[in-house]
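Hi everyone, thanks for coming. I'd like to walk you through the ligand site first, and then a couple of charged pairs. Have a look at this one.

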Amino acid sequence: MNLADRAAVVETRIVDACKKAGRSRSEVTLVAVSKRHPFAAVLEAYDAGLRDFGENYAQELTEKSALSDLPDVRWHMIGHLQRNKCRDVVPIAHMIHTADTLRLGEAIARHATACGRDASVLVQVNVGGEAQKEGCHPHELAALLEQLRSLSSLVVRGLMTVPPVATDEHPASRYFEALASLRDRHGGATALPELSMGMTVDLEAAIAAGATIVRVGTAIFGER
Ligand SMILES: *Cc1c(COP(=O)(O)O)cnc(C)c1O
């Protein structure tokens, strides 16, 4: 299979998952995660019709964005963002999925103000409460949301999570449902319209739980 074929398979999976969940396909954005794949692969995916691309590393995001003269590509920052990289990332990112502290939010807001635009962010939540993982703890979410919402030039659009590795006992669906219920408890879909969750192995479970953005790398671009 070439990239276009693999992208078509992913599209069918999303369509089927939406149908099963009684949702419209238009409610779910597919972000193609191109990290550690060359820019040529992004171009191939663009030709296959993809427009939203996700990168984990600030440097890779800025390099690929600089190569691209495609006007309608939307770049998503989905990896941990260091404050000193905000200067490079904020002007080019359509959405930053990994806001998880006030200090990072302040840095994003500062650079957004400097470029005269609003930055759209998602708050990354560590739903599994894993020690080593990025993301704010569910108990800190209310306070963080309130602080981030007070910053000018920063718009909180929703929540994002990377769940722990699923097991039979703790399937991914449990973590996706946890993120959806956190959203319900913190203003619901009106205040937080986006839920970024679900990857190659578990996008169906994420869509069933209400994902509005799925981030898919391997199924589109192949192994990294
Ligand atoms: C790499 C990555 C993905 C894509 O994972 P695949 O399993 O390749 O689909 C999605 N989200 C984040 C945050 C990632 O780091």
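So, the ligand sits in the largest pocket. Pocket here means an open set of points on a 1 Å grid over the protein atoms alone, with protein on both sides within 12 Å along at least five of seven lines; sitting in it means more than half of the molecule's atoms lie within 2 Å of its grid points.

Quick caveat: this is a predicted model, where local features need pLDDT of at least 70, side-chain atom pairs count only at pLDDT 80 or more, and totals for chains, interfaces and linings use all residues. Numbering runs from 1 along each chain as its sequence is written, and side-chain values use heavy atoms, with hydrogens and water left out.

Who's around the ligand? Among them are V33, K35, I78, M199 and T218. Then look at the ligand's oxygen atoms: a polar side-chain atom of N56 is 2.7 Å from one, a polar backbone atom of G217 is 2.8 Å from one, and a polar side-chain atom of R224 is 2.9 Å from one. On its own the ligand exposes 390 Å², and the protein buries 87% of that (Shrake-Rupley, 1.4 Å probe).

Now the charged pairs. The whole structure has ten salt bridges, meaning a Lys or Arg side-chain nitrogen within 4 Å of an Asp or Glu carboxyl oxygen. One joins R23 and E27, at 3.0 Å, N to O. Is R23 buried or exposed? It's buried, because its relative accessibility is 17%, and the cut-off is under 20%. E27, at 38%, counts as partly exposed, between that and the over 50% for exposed. E194 and R157 form another, at 3.5 Å.

Methods: Near = heavy atom within 4 Å. Polar contact = N/O pair within 3.5 Å; in protein donor to acceptor, adjacent residues only side chain to side chain. 1 Å grid on protein atoms, 1.4 Å probe; cavity = no way out; pocket = protein on both sides within 12 Å on 5 of 7 lines; lining within 4 Å. Buried < 20%, exposed > 50% of the residue type's maximum accessible area, 1.4 Å probe, protein only.
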